[in-house]
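Notebook open, structure loaded. I'm jotting down what I look up as I go.

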Amino acid sequence: MPDFEIIPLKSYRYDTGLEGPDILVTGGIHGWEPSGPIGIMKVIDMLDRGHIKLKKGSLTLIPECNPPALEKDIEGINRNLNRGFYYREKPALYEDCLSNAIGRFLESCTHYIDIHTYDEDIPYA
């Protein structure tokens, strides 16, 4: 394991208890794309307040997949996290560890949505 601190991913899970899709939505893969985390947090707030409700299945939301990169407003700490989502038995880089952590969520989902920003001036969130 590399000698840096692994920041646990904060996730939010909503489950209806009814059969249906198991959806995973992530944001903040790239630190310079803040719209995904902002938009996901708005959805979390609406779900928590009961403004929107799931009809069936479950939803897992991870607003900030790469918190240090978001904090520094850079693509990634060591590499582009989006260029290698696969399990690494011996992770060498910070993003390798994140890929392993996100992979645990991917194993159980039936649908995956990763939110990116094309242009920071476009208010997606």
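**Helix H3.** I started with how covered H3 is: 10 of its 13 residues are buried, where buried means under 20% relative accessible area, exposed means over 50% and partly exposed is in between (1.4 Å probe, protein chains only). This is a predicted model, so I note that local features need pLDDT of at least 70, side-chain atom pairs count only at pLDDT 80 or more, and totals for chains, interfaces and linings use all residues. Residues are numbered from 1 along each chain as its sequence is written, and side-chain values use heavy atoms, with hydrogens and water left out.

The buried set in H3 includes Tyr94, Cys97, Leu98 and Ile102. Glu95 and Asp96 are also on that list of buried residues. Helix H2 (67-72) is part of what covers them, going by contact as heavy atoms within 4.5 Å. My element names follow DSSP runs, numbered from the N terminus: helices are H or I with at least four residues, strands are E with at least two.

I also checked the length of H3 (residues 94-106): 18 Å from its first C-alpha to its last, close to the 18 Å expected at 1.5 Å a residue. The expected span is 1.5 Å times one less than the number of residues.

**The sheet.** Next I traced the strands. Four of them form an open sheet in the order E1-E3-E2-E4, and the pairing is mixed. E1 and E4 (111-114) are at the edges with a single partner strand each, so one side of each has no neighbour in the sheet. On average, neighbouring strands are turned by 15 degrees against each other, direction ignored. Axes here are lines fitted to C-alpha atoms, for helices over the stretch in contact, and angles run from 0 to 180 degrees between N-to-C directions.

I went through the pairings one by one, counting two strands as paired if DSSP finds at least two bridges between them.
- E1 (residues 12-15) pairs with E3 in the antiparallel sense over four bridges, and Tyr12 has Leu61 as its bridge partner in E3.
- E2 (residues 22-26) runs parallel to E3, joined by five bridges; Ile23 stands opposite Leu59 and Thr26 opposite Ile62.
- E2 is also parallel to E4, with four bridges, and Leu24 stands opposite Tyr112 there.

**Strand E3.** How many residues of E3 (residues 58-62) are buried? Five of five, I find. Side chains in a regular strand alternate between the two faces of the sheet. Taking each face of E3 in turn, I get Ser58, Thr60 and Ile62 on one side and Leu59 and Leu61 on the other, all buried. For E2 the count of buried residues is four of five.

**Helix H1.** I then followed the chain from E2 through H1 (residues 35-48) to E3 and noted a right-handed β-α-β crossover. Right-handed means that, with the strands pointing away from the viewer, the path from the first strand over the helix to the second runs clockwise. H1 lies across E1, E2 and E3, at about 135 degrees to E3.

Its length checks out because the 14 residues should span 20 Å at 1.5 Å a residue, and the end C-alpha atoms are 20 Å apart. The buried residues of H1 are Ser35, Gly36, Pro37, Ile40, Ile44 and Leu47. They pack against E1, E2, E3 and H2. After H1 comes Gly50, with a positive phi near 80 degrees.

**Two residues I clicked on.** Met46 is in H1. Buried or exposed? Leaving aside neighbours within four places in sequence, Met46 is in contact with His51 and Ile52.

Asp22 sits in E2 and is buried, at 12% relative accessible area. I looked up its polar contacts, meaning N or O pairs within 3.5 Å (within protein, one atom must be able to donate a hydrogen and the other to accept it, and residues adjacent in sequence count only if both atoms are side-chain atoms). The Asp22 side chain has one with the side chain of Arg13, at 3.3 Å. Not counting residues up to four places away in sequence, Asp22 also touches Ser58, Thr60, Ser108, Cys109, Thr110 and His111.
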